[in-house]
Amino acid sequence: MSEEREKNRQQRKQKLKKKRTHMSVQESRERIRNFNEVALGYTDKEALEEASRCLKCKKPRCVKGCPVNVQIPEFIQKLLENDINGAKDIILCTNSLPAITGRVCPQENQCQEFCIHPNAISIGNLERFVADYGESGDRNISSELGSKVAVVGSGPSGLTCAAELAILGHKVTVYEALHEYGGVLTYGIPEFRMPKSVVNDEVKSVMALGVTFEKDALIGRTITVDELLEKYNFNAVYVASGAGTPNFLGISGENLNGVFSANEFLTRVNLLKGYMFPDYDTPVTIGEKVAVVGAGNVAMDCARTSLRLGAREVDIIYRRSEGEIPARLEEIIHAKEEGVVIGELTLPLEIIGDNKGNVVGLKCMKMDLGEKDASGRRRPIPIPETEFIFPVDTVIIAIGQRPNQLIAQTTGGLETTKWGTFVHDEETGATTRERIFCGGDVATGAATVILAMEAGRKAAKAIHNMILERDLNQTVLKDLPKEDR
Ligand code: FAD
Ligand code: SF4
């Protein structure tokens, strides 16, 4: 074996032995008293230490695991060369919002799951480091094509689609119903997980590409989608209006005082700045004992927010077992460290109120696990005669969201599924109406940030191609004799 090959072999062996570099977090007893970010990010030394473990695979499986195919070994290599700006430019080629994905992507089920290192590289932590400290060079923006695209919604899907289209030379306007941009990143995910300054910076980077933003513009009411196309002369509309309508349990007691939907609760705390009360005039009344029904990221955010608002005891009520919790692993770990109790295999039956209409308890029953269902998870089965009353004074329902129907109802020919999502082509986002595209949660139902971004990228490409094709057709038609058109 040549000296060079032997050296490489030894280096690889050393890298394989290295353990993951942990990211520091605020201490749990301290952090439940504030809304500051929990995970503190890598220092320079930690980032380099972690980057040095990457094996620089020739056929990197991690890239395949990333829905937007970030060129992972390439950006890690730039980081190792101390070229953090170069690293950021590589990420930005396929991911316009790296400070966000670095913080909230479920990496353990994506890039990191595919990483061949026995102790997967902390790709998300490195992405966050590069996004936070790197400065991007000027993006290569194509010259203006003279076309206009409207984007409905400023969540991750709308922002991504808008950025990609602007880079391709289209004039883009983003219409947002709320008074702040960012979608769920702003009104849903709490400050301690997604600092609003980070979201604002990412929005600004999209604005810097020349994208125009209009807030307080509820499409379907302020302006309809048809008006955007016909009156305002947009060549295409991308609808990324998310899934903001909460699901309820359909059990009795859901209208009692002290019952919140997760959306209402988190919007009051985040968008209306309840977490900064009394500096902001949004009091959020939380009880001493809180039950959060559901176990996804939304439920974990509600539980951890409740603790920070002063609840003494917070329980997650989940009908399946703890091993099947859909939330990100990091959120489950952090929630448990903070004192959130996971009440697995428990089904809520009724919310109980006192004679003043205030919540005093949640009637539940215990569950067992049966055969696997269509989702591949074992089906929860009620155990007879196990009903019990759990004394609580606040119940937060976090069992999923679905799309608001305003746009579907005000846009003729736009077909929806039985779940209220738009019927669409998965590769292009094309809806059942010409020149109207969609993506993100409005198309898939509540999903993840990175999937919403992937849909935004795909649709941008499809919209670009459609506009070029239509232009070409029109040019050809113009040159044809009138009778042949
Ligand atoms: P959204 O982010 O919902 O944005 C849609 C935007 O459209 C909103 O700003 C809305 O106001 C606007 N809008 C709606 N209707 C109209 C209209 N008619 N006119 C104009 N504007 C309109 N995913 C992860 O990957 N990791 C996580 O850790 C994670 N945690 C989450 C925590 C919470 C509390 C929630 C609610 C979701 C979480 N998710 C997480 C899911 C993720 O945030 C969503 O999948 C993602 O935001 C969807 O992006 P989107 O752009 O499709 O929609
Ligand atoms: Fe590095 Fe893991 Fe990707 Fe290989 S699979 S290039 S080790 S991050």
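Author: Serine 154 is buried, because its relative accessible area is 0%; buried means under 20% relative accessible area, exposed over 50% and partly exposed in between, with a 1.4 Å probe and protein chains only. The model is a predicted one, in which local features need pLDDT of at least 70 and side-chain atom pairs count only at pLDDT 80 or more, while totals for chains, interfaces and linings use all residues. Residues are numbered from 1 along each chain as its sequence is written, chains are lettered from A and ligands numbered from 1 in the order in which they are written, and side-chain values use heavy atoms, with hydrogens and water left out.

The loop that holds serine 154 runs between β1 (148–152) and α10 (156–167); helices (H or I, at least four residues) and strands (E, at least two) are DSSP runs numbered from the N terminus. The side chain of serine 154 makes a polar contact of 2.8 Å with that of glutamate 176. A polar atom of the serine 154 side chain also lies 3.0 Å from the backbone nitrogen of glycine 182. A polar contact is a pair of N or O atoms within 3.5 Å; within protein, one must be able to donate a hydrogen and the other to accept it, and residues adjacent in sequence count only if both atoms are side-chain atoms. Leaving aside residues up to four places away in sequence, serine 154 touches several others, among them Leu159, Val174, Tyr181 and Phe213, where contact means heavy atoms within 4.5 Å.

Glu176 leads on to ligand 1: with Val104, Arg193, Ile219 and Asp441, Glu176 comes nearest of the 34 residues around this ligand, a residue being near if one of its heavy atoms lies within 4 Å. An oxygen atom of ligand 1 is 2.9 Å from an N or O atom in the side chain of arginine 193, and a nitrogen atom of the ligand is 2.8 Å from a polar backbone atom of isoleucine 219. By class, the shell of ligand 1 comprises 18 nonpolar, eleven polar and five charged residues. Here Ala, Val, Leu, Ile, Met, Phe, Trp, Tyr, Cys and Pro count as nonpolar, Asp, Glu, Lys and Arg as charged, and the others, Gly among them, as polar. The largest share of this shell, three residues, comes from α15.

Around ligand 2, the shell residues divide into nine nonpolar, no polar and no charged; they include Cys54, Pro73 and Ile123.
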